[in-house]
Amino acid sequence: MGCGVAKSNKFHTKKGGKAITSMKAAVLIQRWYRQYVARMEMRRRYTWNIFQSIEYSGEQAQIKLYNFLGYLMDNFNPTSTERNLISHIFRENEVCRDTEWERHFCYKNIEVPEIYSGPRLIFPLTVEQVAAMVEAFRNKRQLHSRYVLQLLLETWKLLRKLPNISRISTCHSKEITVCGDLHGQLEDLLLIFYKNGMPSLDRPYVFNGDFVDRGKDSIEILLILFAFLLVYPNDVHLNRGNHEDHIVNLRYGFTKEVLGKYKMHGKRILKLLQKIFSWLPLATVIDQKVLILHGGISNTTDLCLIARVDRHKYVSALRPPKKRTQYPVSQTSVDLDMEDDLSGTKNNQRRVSLIKANSFGPRDGFQRRSLQDFSGRVPRTVDEEIEVRRRQSGFIKGGFSHSQGELNNLAVSSASQESTDTADTTVEEWKQILDLLWSDPMSQNGCIPNEVRGGGCYWGPDVTQDFLDRHNMQLIIRSHECKQDGYEFCHNRRVLTLFSASNYYEVGSNRGAYVKLGPDLVPYLIQYQASSMTRELTLRKNVGKVEHSALKVLREQLFAHKSDLVSAFQEFDKDKTGQVSLNDWATAVESVLRLGLPWRMLRFQLATCKTPGGMLDYQEWFQELSIKEPQMEHIDQGLLETLYRHRATLETIFRIVDLDNSGFITMEDFRQTWKLLSAFLKMEITDEAISDLSVTIDTNQDGNIDIDEFMEAFRLTDKKSRLERGKSMFMGTTTDLTKLEGDPNI
């Protein structure tokens, strides 16, 4: 018996040893997996930071450029060449009867050829026609410009009747679907319709702005949304986003897209869209409890003020409308911002309009009213204002007789005071709209200017709580920011950010999402990714692919700032050894690029040419960046680097200078463009350098420069990408992507 017991103990001891070994192995595997996932998450986060930092830097540059051009408009002599080049983008206060605009945008003289195979529209539209148009766009067919103009004109007529803040209720339907930014990605909109169904009487939608730019199908998305709006005006609601702005469109692709697809009538389409964007509602309220707007709020956001602004005055939200010059009653006010081609000519004929007073009364009166639009209120003419003031002063009842001159002086004095008040009100209204379209939430309390984007503000959870309490609401749904999961809650789940453009930065970079709200107003979120390619990738491959794309963009940014970086490195390299420490490298790079990125972490991806002493040879490092630049040895290198660094800004100025939207500019306009850029950057660019550049580009010697060819000729390319093109795009890593994983310090 004793032997049997001993034998049993030996057996159990042996079995227990195996169990311990298995547990240790499981712990090791678990530890490895957790480290692996942590590394993947870290790579995913800094990749995201790269994309977002560069995106916001571009937006900031765009706003700075527009402010600079606005300064030129306000301070340059009206006859100066520079002012004439850019004046057309500031024509925002056009005074013209609606019937005259309708004649200007008339489509009836545009013939549709028999060979046209796209959808044909008959108004009023039916849901069957809209479904056919959606299917045509799915199959890459284009809508004829006649139907585009007709559809846009009908949309413009309808939008003018809508309030600034739309009010809808869930009691008429089971659920309301809210979509965020689409940014020209038709694939995402079609996927939403596939998963959720198209808009209908029992399936209302709210689309929360940023329909255009960056994607290649922006005009198709607009036409689909506008068509559904015409068919279901009470069940489809469109909010304006910060990209529904013709100035922003110049930089981010929508202007170029429309002119490319509609070469003959593109200019008229863009002008009509400019007016449509200014008439888009600013916000939507569901059941008086949920506020939907594109950007956000600030500590001064006032829905009563927003409800009564003349929203169409703010053609671009980047700058308040320019105040018109006021004249005495006996004179007329000439609208200096009237578009030249309204009358079909290219001369500088001006249309004349009477001054109109615009008085809305005290704010207290609006506090007691529901959210509604006061923009349709018809202002009084000067004669009507004189008559009203005569009655108010008791002139008629009291039998007093005042001369017409005295009455005119009274009216002019009042008009002058009202002009000052109106200017102050206009700036206040503009700030409200700017905050609505450009703001972002932050985790800290308070409200501060949004220096990262250059417009709007950052607002904290205390501002959210105060706003919701004042308006008796429970949730803010906003868009404006790309989120990796397509959505994100913040401020104690009182703010929901919704982004519907999947694969925004790169295939696999983020999901898209939309939200459904029922009578209980509890958000039900649906996520998706439009590209089937992402479903074929493992986590490692997906992160590696997106990371590679981000590092490519970052390497180009670093190379474009080469001279400034060398100067920054030399500040640390006092002995002129050509080497700096990795910490000094990171400090210098941030001081030049100012992107707020974790450079010390990224150094393992970007700076691998270290000497044995742990130093970095920065001249060799620039070669390692593997950026191929165009062969332009005879062109001033300072000019070339300026072009690389400010390529998007330069292209924006080109688009502005291209008055007829032909895609070509003259040599003189080319020189003036560089003069504008040099003034904007506060740097001197010689006439000789500009002449050398223009001669190089004008290969056929016709005196004109093709904007697209010029910008493509000076595009920096990543040689690493070219070398890796032969490899499978689904390979797990490349050399520069694996260094981080092998580092024991991470």
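The protein chain contains 27 helices and 24 strands, where helices (H or I, at least four residues) and strands (E, at least two) are DSSP runs numbered from the N terminus. The structure is a predicted model, in which local features need pLDDT of at least 70 and side-chain atom pairs count only at pLDDT 80 or more, whereas totals for chains, interfaces and linings use all residues. Residues are numbered from 1 along each chain as its sequence is written, and side-chain values use heavy atoms, with hydrogens and water left out.

Of the 746 residues of the protein chain, 52% count as buried; buried means under 20% relative accessible area, exposed means over 50%, and partly exposed lies in between (1.4 Å probe, protein chains only). The accessible surface of the chain amounts to about 35300 Å², and 51% of this surface belongs to carbon and sulfur atoms. These areas come from the Shrake-Rupley method with a 1.4 Å probe, and for residues only the protein chains shown count as cover. Among contacts between residues at least 6 apart in sequence, 73% join residues at least 24 apart, a contact being defined as heavy atoms within 4.5 Å.

The UniProt annotation "domain: EF-hand", taken from an unreviewed entry, covers residues 560–595, 645–680 and 697–720. UniProt positions are given in the numbering used here, feature names are shortened, and annotations may be inferred rather than shown by experiment. Over residues 560–595 the computed content is 67% helix and 8% strand, with 14 Å between the end C-alpha atoms. Over residues 645–680 the content is 72% helix and 8% strand, and the end C-alpha atoms are likewise 14 Å apart.

The interior was examined through its nonpolar cores, each a set of buried Ala, Val, Leu, Ile, Met, Phe, Trp, Tyr and Cys residues joined through side-chain atoms within 4.5 Å. The largest nonpolar core has 65 residues, of which Leu291, Phe654, Phe670, Trp674 and Phe710 touch the most other members. Helix 1 (residues 2–75) supplies the largest share of this core, seven residues. Apart from it lies another core, of 61 residues, which includes Val130, Val148, Ile221 and Leu238. When residues up to four places away in sequence are not counted, tryptophan 674 touches Leu639, Thr642, Leu643, Leu650, Ile685, Ile690, Leu693 and Phe710.

Helix 22 (residues 647–657) is largely enclosed by the rest of the structure, because ten of its eleven residues are buried. The buried residues are Arg647, Thr649, Leu650, Glu651, Thr652, Ile653, Phe654, Arg655, Ile656 and Val657. Arginine 655 belongs to helix 22 and, at 8% relative accessibility, counts as buried. With neighbours within four places in sequence left aside, arginine 655 is in contact with Leu250, Lys256, Ile707 and Asp708.

A further buried position is valine 236, at 2% relative accessibility, which is placed in strand 4 (residues 236–238). Not counting residues up to four places away in sequence, valine 236 touches Pro199, Tyr205, Phe207, Leu225, Phe228 and Leu229. The C-alpha atoms of valine 236 and leucine 201 are separated by 9.1 Å, the two residues being 35 residues apart along the chain.

Aromatic rings were also compared. Rings of Phe, Tyr and Trp (its six-membered ring) pair if their centres lie within 6.5 Å; planes under 30 degrees apart count as stacked, over 60 as edge-to-face and the rest as tilted. This rule gives 16 aromatic pairs. One of the pairs, formed by phenylalanine 254 and phenylalanine 277, is tilted, at 6.3 Å centre to centre and 40° between the planes. The pair links distant parts of the chain, 23 residues apart: phenylalanine 254 lies in helix 9 (residues 254–261) and phenylalanine 277 in helix 10 (residues 266–279). Phenylalanine 254 is buried at 1% relative accessibility, and phenylalanine 277 is buried at 2%. By contrast, phenylalanine 569 and tryptophan 621 form an edge-to-face pair, at 5.9 Å centre to centre and 75° between the planes. Phenylalanine 569 in helix 17 (residues 562–572) and tryptophan 621 in helix 20 (residues 618–624) are 52 residues apart. Phenylalanine 569 is buried, with a relative accessible area of 0%, and tryptophan 621 counts as buried at 0% relative accessibility. Ring pairs also link Phe569, Trp585, Trp599, Tyr618 and Trp621 into a cluster.
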